[in-house]
Protein chains: 2
Amino acid sequence: MTVRWALEEVGQSYDVRLVSFQSMKEPEHRALHPFGQIPTYEEGELVLFESGAIVLHIAENHAGLLPDDANARAGAIMWMFAALSTVEPPIVQREFSHYLERDKPWHNERLPMLENLIRSRLEDLSHRLGGSDWLNGSFSAGDLLMVQVLRRLKGTDLLGEFPALSAYVARGEARSAFKRAFDAQLAVFAGTQGHRGEEGA
Amino acid sequence: MTVRWALEEVGQSYDVRLVSFQSMKEPEHRALHPFGQIPTYEEGELVLFESGAIVLHIAENHAGLLPDDANARAGAIMWMFAALSTVEPPIVQREFSHYLERDKPWHNERLPMLENLIRSRLEDLSHRLGGSDWLNGSFSAGDLLMVQVLRRLKGTDLLGEFPALSAYVARGEARSAFKRAFDAQLAVFAGTQGHRGEEGA
């Protein structure tokens, strides 16, 4: 979804190749992605993995996701790293805990600890965003990744505690490129139901 | 240390400003780093946080950390994101667990789980590195970040289980730029002992 959204923002067409959970761990896919995950991205001879790297590659080669001014551009890239290195990890930790440890005796004691760590990040982020529409001037690849990271919280009550961030996510989702990507993504899942298909781009 | 090493690789001089643990959380520092962490980087009007973003900014503006060929350059940046988004988070999780949960009754059961997650990443990384010196051709900003991430494991036995990765880290540490950065960093800590000083660049 992240890569799709980026491609829709810059108006580039793309083909999608689905990768099953099983084939993700097989040598053919690991040749593209050494950690056996998705997404991967292929463009001519170039093969990339890591959503952040793929989005940055798209943003550097097409107008629409990075500002022209050098300092503003560095700031947008900074928010890409902040989304993936600072805001996402505690959110992923909570997901892991939910899926792998929710039957463990310690889960009820650990969950509030994990959620407080997420809250601390959200509070700082909300404070920095303030009354602005986007993190660094105009909408950029930094916002695209940050909105995608925050959307991982949708099954929880955490995002709702920060109205400015809920509104920020809603602004991202209201973009026509997001809607096109979301509809296309939904169509894939509707079409592959029963296959447990996942998407690689 | 990460930012120092990058600056030493490209031969740029720099001044260091120390930030205490206490002042990291105060408004003046948060104006530079909304999450109240280090490092931050100032260059004229530009203020950056996030090690990855700072290293990429340095690498884009000075020769020595990114290849000229466009695809090789995208590959090096991909490894920067892989270091920070895929390899580092489980290592940080283990550190958190060690500092915050080692007296908890569940720590002994969770630790092997966390270490197996790290092992899984190291195994994939070692497999991809194979017999190469560096991850993507010549030494790049991707290697710089990956070596720094792997060095976080030095207090554990995990790195030693993967001889190819131990040798990879040793190659990084043998670079003259690394040594200059390490010595300069050590001198700061020697000079501020008792202040619990941390470094911001």
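In helix H6 of chain A, the residues Leu122(A), Leu125(A), Ser126(A) and Leu129(A) meet Ala164(A), Leu165(A) and Tyr168(A) of helix H8(A). This contact is made up of six nonpolar residues and one polar residue, with no charged ones. The structure described here is a predicted model. H6(A) covers residues 107-129 and H8(A) covers residues 163-173, and the two pack with their axes 9 Å apart at an angle of about 70°. Angles of 65 to 115 degrees count as roughly perpendicular, and H6(A) and H8(A) are therefore roughly perpendicular to each other.

The axes of H4(A) and H7(A), the latter formed by residues 141-151, come within 10 Å and cross at roughly 150°. An angle over 145 degrees counts as roughly antiparallel, so H4(A) is roughly antiparallel to H7(A). The crossing of H4(A) with H7(A) is right-handed. On the H4(A) side, the contact is made by Gly52(A), Val55(A), Leu56(A) and Ala59(A), while H7(A) contributes Ala141(A), Leu144(A) and Leu145(A). Here, six of the residues are nonpolar, one is polar and none is charged.

Chain A is assigned two of them: domain 1 is built from residues 2-63 together with 178-200, and domain 2 from residues 70-152. Taken over C-alpha atoms, the centres of these two domains of chain A are separated by 21 Å. How many residues of domain 1 of chain A are in contact with domain 2 of chain A? Eight residues of domain 1 touch seven residues of domain 2 in this chain. On the domain 1 side, the elements that give two or more residues are helix H1 (2-10) and helix H4 (51-61) of chain A. That side divides into five nonpolar residues, two polar residues and one charged residue.

Chain B can be laid on chain A with an RMSD of 0.0 Å, by a turn of 180° and a shift of 0.0 Å along the axis. The two copies are thus related as by a two-fold rotation axis. The same surface serves both copies, with 100% of the contact residues of chain B recurring in chain A. Between the chains, 30 residues of chain B are in contact with 30 residues of chain A. Strand S3 (46-49), helix H4 (51-61), helix H5 (70-101) and helix H6 (107-129) of chain B each give two or more residues to the side that touches chain A. Which element of chain B supplies the largest share of this side? The largest share comes from H5(B), with twelve residues. By residue class, the side of chain B that touches chain A has 17 nonpolar, eight polar and five charged residues.

Some details of the backbone complete the picture. In chain A, the peptide bond from Ile38(A) to Pro39(A) is cis, with omega near 0°, and Pro39(A) sits in the loop between helix H3 (27-30) and strand S2 (40-43). In chain B, the bond from Ile38(B) to Pro39(B) is cis too, with omega near 0°, and Pro39(B) is in the loop between helix H3 (27-30) and strand S2 (40-43) of chain B. Glu50(A), a residue other than glycine, has a positive phi, near 75°. Glu50(A) is placed in the loop between strand S3 (46-49) and H4 of chain A.

Conventions. Residues are numbered from 1 along each chain as its sequence is written. Chains are lettered from A and ligands numbered from 1 in the order in which they are written. This is a predicted model: local features need pLDDT of at least 70, side-chain atom pairs count only at pLDDT 80 or more; totals for chains, interfaces and linings use all residues. Copies are superposed by least squares on the C-alpha atoms of residues with pLDDT of at least 70 in both. Two residues are in contact if their C-beta atoms, placed from the backbone, lie within 7 Å. Domain bounds come from an automatic or database domain assignment. Helices (H or I, at least four residues) and strands (E, at least two) are DSSP runs, numbered from the N terminus. Ala, Val, Leu, Ile, Met, Phe, Trp, Tyr, Cys and Pro count as nonpolar, Asp, Glu, Lys and Arg as charged, and the others, Gly among them, as polar. Axes are lines fitted to C-alpha atoms, for helices over the stretch in contact, and angles run from 0 to 180 degrees between N-to-C directions. Angles under 35 degrees count as roughly parallel, over 145 as roughly antiparallel, 65 to 115 as roughly perpendicular and the rest as oblique. A crossing is left-handed if the near helix is turned anticlockwise from the far one by less than a right angle, and right-handed if clockwise.
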